[in-house]
Amino acid sequence: MVARAQSDTRLADLRARLENSLEILPDKPLETAETTFAALAHLAAGNPMGIYRSQQQALPDLDEAAMERLKDLVEKRLSGIPLAHLTGRQDFMGLEFLSSAQALIPRRETEILGRSALEVVVDIAQQQAQVDVLDVCCGMGNILLSILNQEASARGFGSDISVEAVALAQRNAVHLQLEDRVTFRAGDLFNPFDEDAFLSFFDIITCNPPYISAKNVGAMPSEISEHEPRLAFDGGPFGIGILYRLIKEAVRFLKPGGWLCFEVGLGQGPPMLKRMNNQTDWANVSTVADEAGAPRCIAAQIK
Ligand SMILES: C[S@@+](CC[C@H](N)C(=O)[O-])C[C@H]1O[C@@H](n2cnc3c(N)ncnc32)[C@H](O)[C@@H]1O
């Protein structure tokens with residue numbers, strides 16, 4: 001071990017570096033200088049973990065080599081590499097997922113959709129033995145696998161246009177020991193499941209689609225634009241291309257009375273709500289708001 005006093009000073013210096021220079025993105029509210037420091041210290045000690053677990057454990061003792069690794073990790077984080085890419089872990093709905101540059105890092109705000117969809121799934125599970133869930137635009141599989149983890153009668157199907165994201169989702173299924181209840185396929189929106197067996201089949205479809213306008217994607221902070229796949233954000237010229245396709249195409253795949261739950265961007269809730277209320281396919285259209293009162297999730301039942 002590095003001599004205690006010397007080691008304490010070096011740790012304090014690294015912590016201060018983070019406190020003074022780390023820029024935290026508003027959509028990663030759990031990341032602070034303190035939580036970042038703890039997660040990086042555990043990683044430097046050879047024990048990668050997400051923020052949640054790193055907060056539950058005492059800081060590790062670091063030998064000279066680990067101290068050098070921590071210094072390097074702090075500089076990498078300050079250069080804009082996301083914490084989840086350094087640790088290879090990201091927390092979502094109380095679970096720790098494997099994370100990489102191949103898929104979007106799940107955001108805290110998406111737990112609004114995850115929890116709303118889980119409520120619907122649990123409700124359906126009271127009435128039938130098995131609940132079939134389709135998650136389109138599944139990314140690393142965080143929404144779907146969180147639902148399967150909480151509801152044992154749920155069976156999951158996930159798709160994403162990114163082959164790399166689907167590969168990561170599959171790794172997460174194994175990591176969380178849920179692989180027996182889930183099928184991931186790569187392809188455009190519903191295409192991977194567009195076969196007779198899946199028409200009018202699903203009890204619930206979930207989706208967190210890309211919904212940022214192409215122009216605004218270009219203006220995102222470099223921590224996002226340089227490290228996360230553009231495909232995960234770019235919703236076309238007005239940001240609504242995939243959202244419109246979702247509400248149109250989901251109709252063929254839902255059982256009568258089945259649910260569609262999806263995330264919308266800031267400002268997109270009211271127009272999407274109006275659009276769905278104006279369509280004859282949907283009933284019980286409602287929104288779920290974030291802490292600031294902005295609608296971020298829409299749920300609707302197919303007639
Ligand atoms: C906002 S991310 C959501 C990821 C994950 N579900 C989450 O909530 O953290 C959107 C995802 O949609 C995928 N995607 C983009 N266009 C798509 C399309 N046309 N069909 C299927 N997936 C698409 C991206 O690859 C990305 O993984």
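A167 is partly exposed, with 17 other C-beta atoms within 10 Å; by this count a residue is buried if 20 or more other C-beta atoms lie within 10 Å of its own, exposed if 12 or fewer, and partly exposed in between, the C-beta atoms being placed from the backbone. The structure is a predicted model, in which local features need pLDDT of at least 70 and side-chain atom pairs count only at pLDDT 80 or more, while totals for chains, interfaces and linings use all residues. Residues are numbered from 1 along each chain as its sequence is written.

The place of A167 is in helix α8, where helices (H or I, at least four residues) and strands (E, at least two) are DSSP runs, numbered from the N terminus. From C-alpha to C-alpha, A167 lies 9.4 Å from G139, although 28 residues separate the two in sequence. G139 leads on to the ligand, since it is listed with P106, C137, I161 and N208 as the closest of the 22 residues that surround the ligand; a residue is near a molecule or strand if its C-beta atom, placed from the backbone, lies within 6 Å of it. The shell around the ligand is made up of 15 nonpolar, five polar and two charged residues, where Ala, Val, Leu, Ile, Met, Phe, Trp, Tyr, Cys and Pro count as nonpolar, Asp, Glu, Lys and Arg as charged, and the others, Gly among them, as polar.

We turn next to a strand. Strand β3 covers residues 131-136, and because six of its six residues are buried, β3 is largely enclosed by the rest of the structure. This holds on both faces, with V131, V133 and D135 buried on one side and D132, L134 and V136 buried on the other. Alongside it, strand β4 (residues 154-160) pairs with β3 in the parallel sense over six bridges, two strands being paired if DSSP finds at least two bridges between them.

L189 counts as partly exposed, with 19 C-beta neighbours inside 10 Å. Between L189 and C138 the C-alpha atoms are 9.7 Å apart in space, while the two residues are 51 residues apart in sequence.

Which residues of helix α4 are buried? They are M67, L70, L73, V74 and R77, and because they fall within an arc of 120° when seen down the axis of α4, they line one face of the helix; the arc is that of the directions from the helix axis to the C-beta atoms. An α-helix has 3.6 residues a turn, so residues three or four places apart point the same way. The face of α4 turned away from its buried side carries the exposed residues E64 and A65, whereas the buried residues pack against α1 (4-21), α2 (33-44) and α5 (83-87). The 15 residues of α4 (residues 64-78) should span 21 Å at 1.5 Å a residue, and the end C-alpha atoms are 21 Å apart, which agrees; the expected span is 1.5 Å times one less than the number of residues. Just after α4, G80 takes a positive phi of about 110°.

Helix α2 is mostly covered, with nine of its twelve residues buried, including F37, L40, H42 and L43. What covers the buried residues of α2 includes α1, α3 (51-56), α4 and α5. From its first C-alpha to its last, α2 reaches 16 Å, close to the 16 Å expected at 1.5 Å a residue, and G46, which follows α2, has a positive phi near 90°.

Positive phi values also occur away from glycine. Q177 has a positive phi of about 55° although it is not a glycine; this residue lies in the loop between α8 (163-175) and β5 (182-186) and is exposed, with 9 other C-beta atoms within 10 Å. N284, also a residue other than glycine, has a positive phi near 50°, but N284 lies in strand β8 (residues 282-289), where it counts as exposed with 11 C-beta neighbours inside 10 Å.

Conventions
Two residues are in contact if their C-beta atoms, placed from the backbone, lie within 7 Å.
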